Amino acid sequence: MSANSHHVHAVHPTSPTVGATIPADERYSRQILFAGIGATGQQRLAAAHVAIVGCGATGAAAAALLARAGVGTLTLIDRDFVEPSNLQRQVLFDEQDAADALPKAEAARRKIATFNADITVHAHVSDLVPGNIHALLQPADLVLDATDNFETRYLINDYAVAHGLPWIYAAAIGGYAATMNVLPVGMALPADCGPTACLACLFPKPPSGPVETCDTAGILATAVNLAASLQVTEALKYLTGQPHLLRRTLVSFDLWTPGERAGLERSEIRTGTPDPACAVCGQRQFTHLTGELRPHITLCGRNSVQIHEHHRPVDFAAMQQRLAAHGSVRFNDLLLRFERPPLTLTLFSDGRAIIQGTTDVAVARTFYARFIGS
Ligand SMILES: [Zn+2]
């Protein structure tokens, strides 16, 4: 990660706080009453450690749910800052956070401390990359994907399979929400519910071509919260020692468009068992983890960053339509220029881009991922 990334660790209160006066059996009484959790389950949650990768809408919702549920330790990892357009759906942030452009991981940590001061939250203002993934994820019992890009999801998948660490995929865009549990080979599971397929078993390669993002296709907060609710419910089952209850499907909902017989449009496909032919969990080739497929990004002087990680044809006319609402766009046969002050993105027909107005690689990558796709 770039030199300006920093880690912010939770500080335990040095003086008694209001939260410290709330006994756990009172705070969590309604959850303990729920037969699926009970007093034993609650104790297991207190001892558990969950890492959440991404602290945007899905990550903030998942972090809020896990914190209120009493998961003892949370690690929050995010490379971005709070902006006014986040407030429509990112439940842990407020107007002051946006005015201060507070890093999301730290803003989330502070907000969680106001409603559950009894748990420990580690906030990492970082991009998750091969060089820091072990330090960030190794202490966790479970990893929740709340990223907005496939590059990071394949990195998480590589790491999880390599280390036998479970993770839960979640995604939301437009009015659509999807999630899937990945229980990789090598993790401790009872004989009657063995490992599942990994992300690469189902989708050997990240999607090619431009990918819609929340910044181009929009997003309903309700879709995000559904994805986080489904994801966190599975997390609670796992953390309370009930892996036999975990869903073994990739489930997705379209919350907006009625499906057959006017019902909620839902698709659910069995993820199945690990594929021996899978490059990741079958052949144990961790190309994302070793960085072989790592993006090629270079600082290219004059206050600009070049991103040449994505090799894919770009349809400039379609791209202009997508971007028009977000800034000024013009293009010719060779390149498209997208101006959204203070940054200007110049996109070439092979997907290469130069982002002017910053020398911060993380800022340039975030801008590219938001508007062009990951
Ligand atoms: Zn696999």
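Strands are DSSP runs of E with at least two residues, and they are numbered from the N terminus.

## Overall make-up

The model is predicted. The protein contains 13 helices and 15 strands. Of its 374 residues, 41% are buried. Contacts between residues at least 6 apart in sequence were also examined: 66% of these join residues at least 24 apart.

## A cis peptide bond at P342

P342 sits in the loop that runs between strand 13 (335–340) and strand 14 (343–348). The peptide bond leading from P341 to P342 is cis, and its omega is near 10°.

## D148 in a loop

D148 belongs to the loop between strand 5 (142–145) and helix 8 (150–163). Is D148 buried or exposed? D148 has 25 other C-beta atoms within 10 Å, and a residue counts as buried at 20 or more, so D148 is buried.

D148 can also be placed relative to G54. The two residues are 94 residues apart in sequence, while their C-alpha atoms are 7.6 Å apart in space.

## R284 and its positive phi

R284 is located in the loop between strand 9 (264–270) and strand 10 (297–299). Its phi is near 55°, which is a positive value in a residue other than glycine.

R284 has 13 C-beta neighbours inside 10 Å. Exposed residues have 12 or fewer, and buried ones 20 or more; R284 therefore counts as partly exposed.

How values were computed: Residues are numbered from 1 along each chain as its sequence is written. This is a predicted model: local features need pLDDT of at least 70, side-chain atom pairs count only at pLDDT 80 or more; totals for chains, interfaces and linings use all residues. Helices (H or I, at least four residues) and strands (E, at least two) are DSSP runs, numbered from the N terminus. Two residues are in contact if their C-beta atoms, placed from the backbone, lie within 7 Å.
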